[in-house]
Amino acid sequence: MSGQPVPILMYHAVATAPNKATRTLSVSPEAFAEQLAVVADRGLTPLSTADLAARWRLGRPLPERPVLITFDDGYEGVHRHALPVLAKHGFPATLFVSTGWIRGAYDTGGGPDTMLDWDQVRELAAAGVEIGGHSHTHPQLDQLDDGTLRHELIHCKEIVSDELGTVPASFAYPYGYSSRRVRQTVRETGYGQALAVGNGLARRRQGPYALHRVTVRRSTGVEEFERLVEGRAIARNFAGDRALTKGYALVRRARQVRRKAIRSRV
């Protein structure tokens, strides 16, 4: 059972009235409550990211019908709306914070909507939510030079450690973008596992630094959500996303080649 595929749900904002920048990747509080009721009614067993990775790393069995609930960036609604629903069901989850977007001493002002503050992050951690890293300023990590990449990873890790008193074990790539160099650097800077997007089920063979997730967004209806947690029709659901991702990947690779050529001429 340790090799079975696992749906890892990727949420962002949980908000009644999200702004334009975050609306598509947000869900309403009512939808979130309905979706977690589906998880409970179907008898699924939520795990934290660290727990899943540890079980796969050590070859330990997974529980019946595992699922992961994850949140990216650090929106205030995760505390206001999601936490009470998680607590109602007794579900663990993982929140990946971009430390430069969290309100407080390290805030860069780049947060796209109302973000958590550090007191709220601590309350989430105290309630059993795993807090992972999501970089400091949320850049496309594979577009950074080595020094800037390491700073984004280490600075995020140090801030979370200072604020919570625990070292984050898990990481999620901003925008889902990574590369062999990025994954190696994430490993070297001390993160034990990392999540991409991929819009597919997570499998042990993907390795601990490239686990796939499925996107939950405002347009995700309850029937589609049921298919996601059951692992059904995933490829069909995200066919459009994959086509866009492949096209943009070509553009980004061309940008990287141009930057390398420019640096070599300097």
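Me: What makes the 39 residues of the largest nonpolar core a core?
Reply: A nonpolar core is a set of buried Ala, Val, Leu, Ile, Met, Phe, Trp, Tyr and Cys residues joined through side-chain atoms within 4.5 Å, and buried means under 20% relative accessible area with a 1.4 Å probe, protein chains only. The 39 residues here form the largest such set, and L9, Y11, F32, I69, F71, L86 and I131 have the most contacts inside it. Helix α3 (residues 77-89) gives the largest share of this core, 5 residues. Another core, of 13 residues, lies apart from it, with L141, V182, A196 and Y209 among them.

By the way, this is a predicted model: local features need pLDDT of at least 70, side-chain atom pairs count only at pLDDT 80 or more, and totals for chains, interfaces and linings use all residues. Residues are numbered from 1 along each chain as its sequence is written, and side-chain values use heavy atoms, with hydrogens and water left out.

Me: Which residues does Y11 touch, leaving aside neighbours within four places in sequence?
Reply: Contact means heavy atoms within 4.5 Å, and Y11 has V27, F32, Q35, L36, I69, T70, F71, D72, V216 and F225 as partners beyond those neighbours.

Me: Why are α4 and α5 called roughly perpendicular?
Reply: Angles of 65 to 115 degrees count as roughly perpendicular. The axes of α4 (residues 118-126) and α5 (residues 146-164) cross at roughly 75° and come within 10 Å, so the two helices are roughly perpendicular to each other.

Me: Which residues of α4 and α5 meet?
Reply: W118, V121, R122 and A125 in α4 meet I159, V160, E163 and L164 in α5. They divide into 6 nonpolar, no polar and 2 charged.

Technical notes. Axes fitted to C-alpha atoms, helices over the stretch in contact; angles between N-to-C directions. Helix = DSSP H or I, 4+ residues; strand = E, 2+ residues; numbered from the N terminus. Parallel < 35°, antiparallel > 145°, perpendicular 65-115°, else oblique. Nonpolar A, V, L, I, M, F, W, Y, C, P; charged D, E, K, R; others polar. Buried < 20%, exposed > 50% of the residue type's maximum accessible area, 1.4 Å probe, protein only.
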